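Here is a brief report on one protein model. Look over the sequence and the fold before reading on.

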Amino acid sequence: MQEQLREDAEGAILFDAAASPQVDNDWFEPERWRERGALRSQAGGRGGVQIIATPAGECVLRHYRRGGMVAKLMGDRYLWRGADATRCFAEFRLLARIARLGLPGPAPVAARYRRHGLFYRADLITRRIAGAQTLAECLASGSLDAELAREVGALVARFHRAGIWHADLNAHNVLVTPAVLHLIDFDRGRMRDPAQDWRLANLARLHRSLVKLGAAAQGEAAFRATVWTPLTEAYEATFGA
């Protein structure tokens with residue numbers, strides 16, 4: 001990672017010069033990639049996620065958008081509190097920290113904010129994790145079993161043991177590949193002392209997500225026996241190792 005900063009009158013780009021030394025504003029404009037035939041696919045969701053074929057390889061371009069009721073008022077605008085406090089710069093640097101720790105997260109490529117008075121808009125580019133399914137997709141296809149649950153528990157424990165708090169730990173933010181599992185979407189995540197209260201709250205959030213997506217459709221007892229108990233046992237074993 002060779003972190004570099006490029007500033008102009010409207011904002012700044014933070015990027016990994018080792019990935020590409022030529023990152024400019026066009027990298028953050030989906031239409032520019034479309035014109036080059038390099039916009040591979042486009043996903044829904046409030047983040048406005050695009051898969052782009054860049055000189056650094058296939059990447060994910062995400063535009064930051066608010067969710068919930070505040071989205072009706074603010075949309076994709078955030079209150080300006082300084083460059084280092086922007087959502088995109090904070091996530092870029094947390095992802096760089098995750099990479100240095102050897103943990104499986106998305107590799108950061110570039111981040112950009114554009115300031116408009118008291119507010120700013122932001123984007124993030126990360127390397128695409130190829131051949132991945134979300135844990136939610138695994139659940140929907142019937143492939144979430146005890147073995148995969150144990151892998152998820154061990155994955156979360158590794159991040160928690162390193163003091164990394166995920167602000168939205170849910171089944172959509174766990175990616176499963178044949179080789180390794182990843183955690184993604186670290187917007188608002190941060191480093192914390194690994195205290196029990198927030199670790200348990202993180203796990204409870206994942207539990208709610210799985211139940212909401214139908215993991216307990218065959219009953220709470222079956223869900224605990226097949227998924228949740230293997231997951232938490234692997235979590236405790238890994239965290240305490």
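The sections below cover the basis of the model, its salt bridges, one loop and the helix packing.

## Basis

This is a predicted model, in which local features need pLDDT of at least 70, side-chain atom pairs count only at pLDDT 80 or more, and totals for chains, interfaces and linings use all residues. Residues are numbered from 1 along each chain as its sequence is written, and side-chain values use heavy atoms, with hydrogens and water left out.

Helices (H or I, at least four residues) and strands (E, at least two) are DSSP runs, numbered from the N terminus. Buried means under 20% relative accessible area, exposed over 50%, and partly exposed in between (1.4 Å probe, protein chains only).

## Salt bridges

The structure holds 18 salt bridges. The term means a side-chain nitrogen of Lys or Arg within 4 Å of a carboxyl oxygen of Asp or Glu.

One of them joins Glu 10 to Arg 114, at 3.0 Å from N to O. Glu 10 sits in the loop between β1 (3-7) and β2 (11-16), and Arg 114 in strand β7 (residues 108-116), so the bridge ties together parts 104 residues apart in sequence. Glu 10 is partly exposed at 45% relative accessibility. Arg 114 is buried at 13%.

A second bridge pairs Arg 87 with Asp 187, with the closest N and O atoms 2.8 Å apart. This pair also links distant parts of the chain: Arg 87 is in helix α3 (residues 87-100), Asp 187 is in the loop between β12 and β13, and they are 100 residues apart. Asp 187 is buried, with a relative accessible area of 13%.

Arg 205 and Asp 168 form another bridge, their closest N and O atoms lying 3.0 Å apart. Arg 205 belongs to helix α6 (residues 196-212) and Asp 168 to the loop between β10 (164-165) and β11 (174-176), so parts 37 residues apart in sequence are tied together. Both ends are partly exposed: Arg 205 at 32% and Asp 168 at 23%. Elsewhere, salt bridges with shared partners join Asp 26, Arg 32, Glu 35 and Arg 36 into one network.

Which residues here have a positive phi without being glycine? Asp 185 has a phi of about 60°, and Arg 188 has one of about 70°. Asp 185 is found in the loop between β12 (181-183) and β13 (190-191). Arg 188 is in the loop between β12 and β13 too.

Asp 185 is partly exposed, with a relative accessible area of 26%. Arg 188 is partly exposed at 45%. Asp 187, the salt-bridge partner of Arg 87, is buried.

The 14 residues of α3 should span 20 Å at 1.5 Å a residue, and its end C-alpha atoms are 20 Å apart, which agrees. The expected span is 1.5 Å times one less than the number of residues. Buried residues of α3 include Phe 89, Phe 92, Leu 95 and Ile 98. After α3 comes Gly 102, with a positive phi near 75°.

The 17 residues of α6 should span 24 Å, and the distance between its end C-alpha atoms, 24 Å, agrees. Among its buried residues are Trp 198, Asn 202, Leu 206 and Leu 210. An α-helix has 3.6 residues a turn, so residues three or four places apart point the same way. The buried residues of α6 pack against α4 (135-141), α5 (146-161), β10 and α7 (220-239). Gly 214 follows α6, and its phi is positive, near 100°.

## Packing around α5

How do α5 and α7 cross, and at what angle? Their axes come within 7 Å and cross at roughly 35°. Axes are lines fitted to C-alpha atoms, for helices over the stretch in contact, and angles run from 0 to 180 degrees between N-to-C directions. The crossing is right-handed. A crossing is right-handed if the near helix is turned clockwise from the far one by less than a right angle, and left-handed if anticlockwise.The contact (heavy atoms within 4.5 Å) includes Ala 149, Gly 153 and Val 156 of α5 and Val 227, Leu 231 and Ala 234 of α7. Its residues divide into twelve nonpolar, four polar and three charged. Ala, Val, Leu, Ile, Met, Phe, Trp, Tyr, Cys and Pro count as nonpolar, Asp, Glu, Lys and Arg as charged, and the others, Gly among them, as polar.

α5 also packs with α6, at an angle of about 145° and with the axes 11 Å apart. This crossing is right-handed. Val 152, Val 156 and His 160 of α5 meet Trp 198, Arg 199, Asn 202, Leu 203 and Leu 206 of α6. By class, the contact has five nonpolar, two polar and one charged residues.
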